[in-house]
Amino acid sequence: RTTEKQRNDQEPPATEVTELGEIFARQRAAFAGTSAPSLQERKDNLLKLQRLVEQNRLILVEAANADFGTRAAFETEMSEIVGTISIIRYMRRNLRSWMAPRRRSVSIWYRPAKNRVEPRPLGVVGVVSPWNFPLHLALIPAATALAAGNRVMLKVSEFTPRTSAVLKRLIEENFSRDVFYVTDGGGEVASAFTSLPFDHLLFTGSTQVGKIVAKAAADNLTPVTLELGGKSPVIVDEDYPIARAAATVAWAKLYNGGQVCISPDYVLVPRGREKEFATAAQEAARKLYPKAAGNPEYTAVLNERHYDRITGYVTEAKALGAEVITVEDPELGRSRRQLPLTMIINPPVESTVMTDEIFGPVLPIIGYDSDRAAEDFVNSRSTPLALYVLSTARRRQKHWLTRVTSGSAVVNDMMVGYLQNDLPFGGRGGSGYGAYHGREGFDAMSHLRPVMYQRAIFGRTGGQMLYPPYGKVADVL
Ligand code: NAD
């Protein structure tokens with residue numbers, strides 16, 4: 001028999017799958033029983049979220065560092081703390097205008113009626129988040145759902161247990177479970193979670209799991225936003241200085257140890273300049289991180305499974321005869337999973353480094369013979385989340401942007417498109433569908449209900465002609 005003391009000493013029980021159904025039913029009932037939350041209530045929720053991030057900065061930095069083994073404190077602060085607060089602030093500032101009814105014109109026969117598109121909350125929104133930015137990618141979708149007046153159930157990643165536990169505790173301390181509920185369960189919980197009949201589901205994660213989630217949601221006709229991954233290419237144009245290109249790519253590739261959904265996955269450079277690019281990137285990486293091993297600013301690969309997966313790409317490419325260039329002996333950082341920048345020159349297109357999303361500090365450098373060849377190279381693969389074009393001439397930038405398909409694009413920089421509060425963010429094809437951030441995010445989690453207001457008494461105007469006895473259609477026209 002377990003005594004009270006023994007029970008208290010035990011770990012709290014893992015979230016029961018049945019609890020999910022109960023919370024869902026409670027949130028639904030609570031939603032149905034009240035009118036849409038006011039502007040002030042929504043702003044209060046957003047401010048509460050903002051404060052809990054601000055006030056727990058150090059605990060969150062520590063938790064992320066422990067989860068990754070090494071996680072640059074600056075990266076946690078910039079991406080998880082500052083990046084989250086900035087978006088929430090932007091939501092608070094713009095919420096009034098997003099919530100306002102949007103006037104639409106009235107078809108001529110029906111004047112003086114009024115037409116409006118009126119955003120309404122959907123109900124209960126489910127959010128599933130990944131491990132690579134465990135706080136930001138959980139809180140921004142959740143904040144968007146709250147801004148749109150919904151209730152939220154969030155499933156955070158089980159692979160960053162410390163950050164997930166802190167986040168869960170903070171949400172529990174600050175929100176009623178009827179408004180915002182968090183679970184950090186693993187596989188069994190994840191599939192039970194995505195089987196709930198949510199009014200909307202926002203999933204951030206891999207393309208593979210995204211397909212499973214979309215199928216589960218289809219059974220409930222739950223609309224889904226899929227924020228997935230993919231291989232985001234960099235196209236370096238003929239005219240662009242190679243050293244500058246290499247420096248930008250080295251920075252972007254190594255941010256968060258390459259574990260970013262919009263990391264540059266591979267680089268296309270004019271044929272013959274692959275080596276020049278690699279040498280310049282090597283130099284740039286050494287400037288950014290004089291050493292990778294033991295450097296507290298160099299974020300580690302999350303776990304052994306991912307480390308083995310990523311180094312496996314390099315071993316395979318070498319075996320297939322591709323040239324590999326590193327910036328430091330990888331053995332030095334092996335025990336801490338700090339893998340230095342590793343470049344592979346022209347790996348065979350069928351090698352796994354060119355078929356999988358890399359999600360780590362390995363960079364294929366591929367020579368292209370013509371514009372057409374570079375376009376085809378990208379367009380013949382699964383549609384990337386981001387496209388990076390490095391080119392000085394406007395005409396050439398346009399050229400690449402019109403010919404190459406992607407979820408989003410940045411010209412002459414990398415990744416920072418994500419930080420633009422007024423730009424939507426989302427993928428296409430293999431990198432997902434739907435978008436959030438900014439007004440588009442608010443809209444994605446709202447029902448944009450069209451409403452026509454006729455006058456109460458002399459209201460039917462043009463509609464009168466629709467009543468029998470009918471005239472001739474020709475007379476109407
Ligand atoms: P993942 O797909 O393995 O897991 C994501 C989440 O889904 C986790 O919370 C996990 O518990 C849950 N999950 C796992 N199996 C499930 C199932 N059968 N049913 C329902 N849920 C399930 O992804 P990950 O490894 O955590 O994250 C890395 C991937 O996420 C990369 O592909 C990356 O590109 C992508 N990503 C995309 C974005 C974006 O905004 N587009 C942002 C970050 C990461």
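## A chat about loops, rings and salt bridges

Reader: Hi! Where is Leu221 placed?
Author: You'll find Leu221 in the loop between helix H9 (207–219) and strand S7 (224–227). Helices (H or I, at least four residues) and strands (E, at least two) are DSSP runs, numbered from the N terminus. This is a predicted model, where local features need pLDDT of at least 70, side-chain atom pairs count only at pLDDT 80 or more, and totals for chains, interfaces and linings use all residues. Residues are numbered from 1 along each chain as its sequence is written, and side-chain values use heavy atoms, with hydrogens and water left out.

Reader: Thanks! What about phi of Leu221?
Author: Phi of Leu221 is near 55 degrees, a positive value in a residue other than glycine. Most residues other than glycine have a negative phi, and most peptide bonds are trans.

Reader: And is Leu221 buried or exposed?
Author: Leu221 counts as exposed because its relative accessibility is 75%. Exposed means over 50% relative accessible area, buried under 20%, and partly exposed in between (1.4 Å probe, protein chains only).

Reader: Which peptide bonds are cis, and where?
Author: One joins Arg111 and Pro112, with omega about 10 degrees. Pro112 belongs to the loop between S1 and strand S2 (114–121). Another cis bond runs from Pro468 to Pro469, with omega near 0 degrees, and Pro469 is in the loop between strand S16 (446–453) and helix H17 (473–476).

Reader: Let's zoom out. How many helices and strands are there?
Author: The protein chain has 17 helices and 16 strands.

Reader: What does the C-alpha trace span?
Author: About 85 × 75 × 35 Å along the principal axes.

Reader: How much of the chain is buried?
Author: Buried residues make up 52% of the 477. The chain exposes about 22200 Å², with carbon and sulfur atoms supplying 53% of it; accessible areas come from the Shrake-Rupley method with a 1.4 Å probe, and for residues only the protein chains shown count as cover. As for contacts (heavy atoms within 4.5 Å), residues 24 or more positions apart account for 75% of those with a separation of 6 or more.

Reader: Now the rings. What counts as an aromatic pair?
Author: Rings of Phe, Tyr and Trp (its six-membered ring) pair if their centres lie within 6.5 Å; planes under 30 degrees apart count as stacked, over 60 as edge-to-face and the rest as tilted.

Reader: What about phi of Phe359?
Author: Phi of Phe359 is near 55 degrees, a positive value in a residue other than glycine.

Reader: Which rings form a cluster?
Author: Phe24, Phe193 and Phe198 are linked by ring pairs.

Reader: Last topic: how many salt bridges are there?
Author: A search of the whole structure gives 22, each being a side-chain nitrogen of Lys or Arg within 4 Å of a carboxyl oxygen of Asp or Glu. Arg396 forms one with Asp237, with the closest N and O atoms 2.9 Å apart. The two lie 159 residues apart: Arg396 is in helix H15 (residues 394–403), Asp237 in the loop between strand S8 (232–236) and helix H10 (242–254).

Reader: Is Asp237 buried or exposed?
Author: Asp237 is buried, because its relative accessible area is 2%. Arg396 counts as buried too, at 14% relative accessibility.
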